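Student: I'd like to go through this model with you, a few residues and helix pairs at a time. Can we start once it's on the screen?

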Amino acid sequence: DLETTRSCVEAALEAIDAQNATGGGDTRALASLAKAKASDLVPLASNEMVQMHGGIGMTDAHDAGLYMKRARVTETLFGGASFHRDRYARLMGF
């Protein structure tokens, strides 16, 4: 999941670079794909982090709790996974 998300983000960034250089590329679709993949990955990664630390991540004694809370906000910032999946589908003509 990490590698797939990383690939989607890199493709979106390359499209932004190409658009800035030549004015072409479909940055909106690739950005929505990257955001949807990242929004799916964030809760999985943060939940695994808490589990690996034996639940201490739910306390204020460890930074894992802070990162988990921050991940929940980031997950929905600028639209959640379902919004961006729908946007990607519309941009692709579905």
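Tutor: S39 sits in helix 2, and helices here are DSSP runs (H or I, at least four residues), numbered from the N terminus. Keep in mind that this is a predicted model, where local features need pLDDT of at least 70, side-chain atom pairs count only at pLDDT 80 or more, and totals for chains, interfaces and linings use all residues. Residues are numbered from 1 along each chain as its sequence is written, and side-chain values use heavy atoms, with hydrogens and water left out.

Student: Does S39 count as buried or exposed?

Tutor: Go by relative accessible area: under 20% is buried, over 50% is exposed, and partly exposed is in between (1.4 Å probe, protein chains only). S39 comes in at 3%, so S39 counts as buried.

Student: Which residues is S39 in contact with, leaving aside its neighbours within four places in sequence?

Tutor: Contact here means heavy atoms within 4.5 Å. With neighbours within four places in sequence set aside, the partners of S39 are E75, G79, G80 and A81.

Student: How do helix 2 and helix 3 run relative to each other?

Tutor: Two packed helices are described by the angle between their axes and the distance between the axes. The axes are lines fitted to C-alpha atoms, for helices over the stretch in contact, with angles from 0 to 180 degrees between N-to-C directions. For helix 2 and helix 3 the axes come within 9 Å and cross at roughly 160°. Angles under 35 degrees count as roughly parallel, over 145 as roughly antiparallel, 65 to 115 as roughly perpendicular and the rest as oblique, so helix 2 and helix 3 are roughly antiparallel.

Student: How many nonpolar residues are in the contact of helix 2 with helix 3?

Tutor: Helix 2 brings residues including V42, P43 and M49, and helix 3 brings residues including Y67, M68 and A71. Ala, Val, Leu, Ile, Met, Phe, Trp, Tyr, Cys and Pro count as nonpolar, Asp, Glu, Lys and Arg as charged, and the others, Gly among them, as polar. Besides four polar and three charged residues, the nonpolar count is eight.

Student: And how do helix 2 and helix 4 run relative to each other?

Tutor: Helix 2 covers residues 27-52 and helix 4 covers residues 81-91. Their axes come within 8 Å and cross at roughly 150°, so helix 2 and helix 4 are roughly antiparallel.

Student: How many charged residues are in the contact of helix 2 with helix 4?

Tutor: Among the contributors are R28 and K35 of helix 2, along with R85 and R87 of helix 4. Next to six nonpolar and three polar residues, the charged count is five.

Student: Is F78 buried or exposed?

Tutor: F78 is in the loop between helix 3 and helix 4. Its phi is near 65°, a positive value in a residue other than glycine. The relative accessibility of F78 is 71%, so F78 counts as exposed.

Student: How far apart in space are L77 and K35?

Tutor: L77 is found in the loop between helix 3 and helix 4, and L77 is partly exposed at 42%. L77 and K35 are 42 residues apart in sequence, and their C-alpha to C-alpha distance is 9.7 Å.

Notes
Helices (H or I, at least four residues) and strands (E, at least two) are DSSP runs, numbered from the N terminus.
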